[in-house]
Amino acid sequence: MNHRMDSGHVNIGFSASEEFDGSIHFDTQHYDEIDLGVKETSGHDLGRAAEGSDGRDGPADKQRSNADEDSEARCGWCFFRPLFLQRFRTAKWVLFWLCWAGAVQGMVVNGFVNVVITTIERRFGLRSSQSGLVAGGYDIASFLCLIPVTYLGGRPGASKPRWLGWGILVMGIGSLIFTFPHFAVGPYRGATHHASTCNVITNSSSATGECADSQQGAEHHASYMWLFLLGQLLHGAGASPLYTLGVTFIDENVSKKMSSVYLGIYYTTAIVGPALGYVLGGQLLAVYTDYLSVDPTELGLTPNSNVWVGAWWIGFLLAAIMCTILAVPLLAFPPALPGAAALRAERVSEAHGNSKTEAFTKIRELPRALGSLIVNPTFFFLNLAGASEGLLIAGFAAFLPKLIENQFSVNASWAALLMGLVTVPAGGGGTFLGGYLVKRLSLHCAGIIKFCVVATLIGVTFTTCFFLSCPNLAFAGVTKPYRNSSSSRYSLDSSCNADCGCSRTQFDPICGLDDVMYYSPCYAGCTQEISLRDTKVYTNCACVNSTDGNLTKFLEEAEGESALVHNFGSYQAMNQMCESQCPYLWPFVVLVFLTMFFTFLSTMPALSATLRCVQDDQRAFALGIQWIKVRLIGTIPAPMVFGALIDETCILWQESCHEDENGACLVYDNEYMSRYMLALAFIGKAASLLFFFLAWWFYIPPSGFKEALQAATPTSPDLTDDGASSMPSILMNGHANHVTTISGDT
């Protein structure tokens, strides 16, 4: 053995016949002249240290290094790989762009789509089961793409960033296709100004004409649903690499200790995305859908009108542009970052049990790879827990705004804003805190699963929020009889509107001053309509049982309206929703916040446990299998199950000219809707609790895990994001070794 001084470092070499006995022998006579060369090592240093024991590159090493740098290991596109881009070849920049990609994906799929569900139902006459199919299209495509994407993208040598970049581009195409129905359907007919008052003369002719128009429109509406579904399928296909290959790419390029923090940040931005989608999408719904060609004030429409349709399509155009921009930097990253090999060497496996599996790199070996995961009970029950959680998250993400709209009688814009305000602190905060606690408490696999059990148990208690149910608004002929009606059976027809010739195809609800909703001015028996800026009021309403309201307050700032005050002077109804007197809105929001917080608190720990309970070379494939189960059992059926149950609570359907089908639901039974949601929430959370408990019960740490962990602790560098050590170290034989205090007399 020999050692020499070189640039302030101790460099130790061994001949072929020598063995390292685990100790370093110093020349005590020259001890004072030796500088240990203490320095901070980064991920780049670790990569270079593996090339030579003296920290320098020899001629052959330099040639290999230059060859590698000129290959796909450098940042760039095709043959364009400039030197200035190489400074961005770090885990921090990967995380930065993946956070943006995850945020945009969440904003579109879990934000915009869920916000516009009610709007496109109204615009295109879809039922909740049909809109549920559209919402589930994302998970259907993701399910079909997960196995090929994770298996091919997770193989050694495959470029995960390339899969991610092309996936984001496909998602942008899906967003663009999602907007096509708006441009294909033409102006919104439902808001076209037409006489809807009581008029015996227009009895049968108007109804026949309207039926012909609606029949012509309904023929096209079916095809528009398939365009929505196609856009969602492309969303799902494009996003399939994000939370499989994206997660493993981050995990491969940071230390195990920092992995949970990085993934916590990643998943937190993925939660912020839907929140941004709810807030931005809700504000866009306050803009009229045909604002470029139609002034809604001329139609007497406001966002509070029941027939209002907002500009749902603008958000998807913005998303298509953002996806195209984000694909460019993601496609530039190399298959692996500097220092990834050294980080792999430092890992201690926590895979379930004692079995070791070889790497599966060929398609024909896929069944064996799948079999090795299926027999892992901890992995199996973690998948089931993820599926039950996914069912709840997907179902409520799609229909919770609809529930808020109907239970508390608020418009779509305000319901979306409330969802956004809840999602940011609850979902984002819970996800980040869960990842941070795993690192802060230094939890290993068994401890992480127990943490998930506790968080889920607390979350079960807050599902009681769905006990808070508001009574339906009084709706003449639907939830209460007309005044002076002797019949016990609810019907829209009454003696006060019997001679008006009203049509059920013309839904234009109004609120009378008696705080009762009416199907239309015609069904309220109103004979006169007055347009006042963005509001319409009605007079001479035979079915409204109240004193007249003062019309002057609507005309205080208007010019040339004195004739209206002189001729009418009062009104009995207006084209707005009646105000709900239910006091449960804010208690409901608080309880939903707590339920969501503890649900997402276990998201990052469950992901960390999944990555740790399988072999390192199977993590990408394991995540793919997990997402398949989550989608197949949870997120794919969730919107359709929720939509079907919500349809069961409908008490008033919009009539269609087709005898065998109805249009969208107009009025829901609030009590039954609340009970159905309570049952789904409680059963889903209880199932998650059971599966997390079984995952912990059946987990068996690998033999020798504690000994290996103790042996690795004093010598393994406490690596930060890019492999940077927070402790002094020296480079020896291609590894970074911590320097401890040297004591003793020389």
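I began with the terms: helices (H or I, at least four residues) and strands (E, at least two) are DSSP runs numbered from the N terminus, and two strands pair if DSSP finds at least two bridges between them. The model is predicted, so I kept in mind that local features need pLDDT of at least 70, side-chain atom pairs count only at pLDDT 80 or more, and totals for chains, interfaces and linings use all residues. Residues are numbered from 1 along each chain as its sequence is written, and side-chain values use heavy atoms, with hydrogens and water left out.

**Entry: the sheet.** I found an open, antiparallel sheet of five strands in the order β4-β3-β9-β6-β5. Strands β4 (517-518) and β5 (526-532) are at its edges with a single partner strand each, so one side of each has no neighbour in the sheet. I then followed β5 to β6 (residues 535-541), which it joins through six antiparallel bridges. L532 has T535 in β6 as its bridge partner.

**Entry: E529.** I looked up this residue in β5. E529 has no salt bridge (a side-chain nitrogen of Lys or Arg within 4 Å of a carboxyl oxygen of Asp or Glu). K536, the nearest side chain of opposite charge, is 4.3 Å away. I did find a side-chain to side-chain polar contact from E529 to Y538, at 3.4 Å (N or O atoms within 3.5 Å, one able to donate a hydrogen and the other to accept it; residues adjacent in sequence count only if both atoms are side-chain atoms).

**Entry: A141.** A141 sits in helix α5 (residues 128-153) and counts as buried at 5% relative accessibility. Beyond neighbours within four places in sequence, I noted contacts with L233, G236 and A237 (heavy atoms within 4.5 Å). L233 is 92 residues from A141 in sequence, with 5.0 Å between their C-alpha atoms.

Note on methods
Buried means under 20% relative accessible area, exposed over 50%, partly exposed in between (1.4 Å probe, protein chains only). Lys and Arg count as positive and Asp and Glu as negative; His and the chain ends are not counted.
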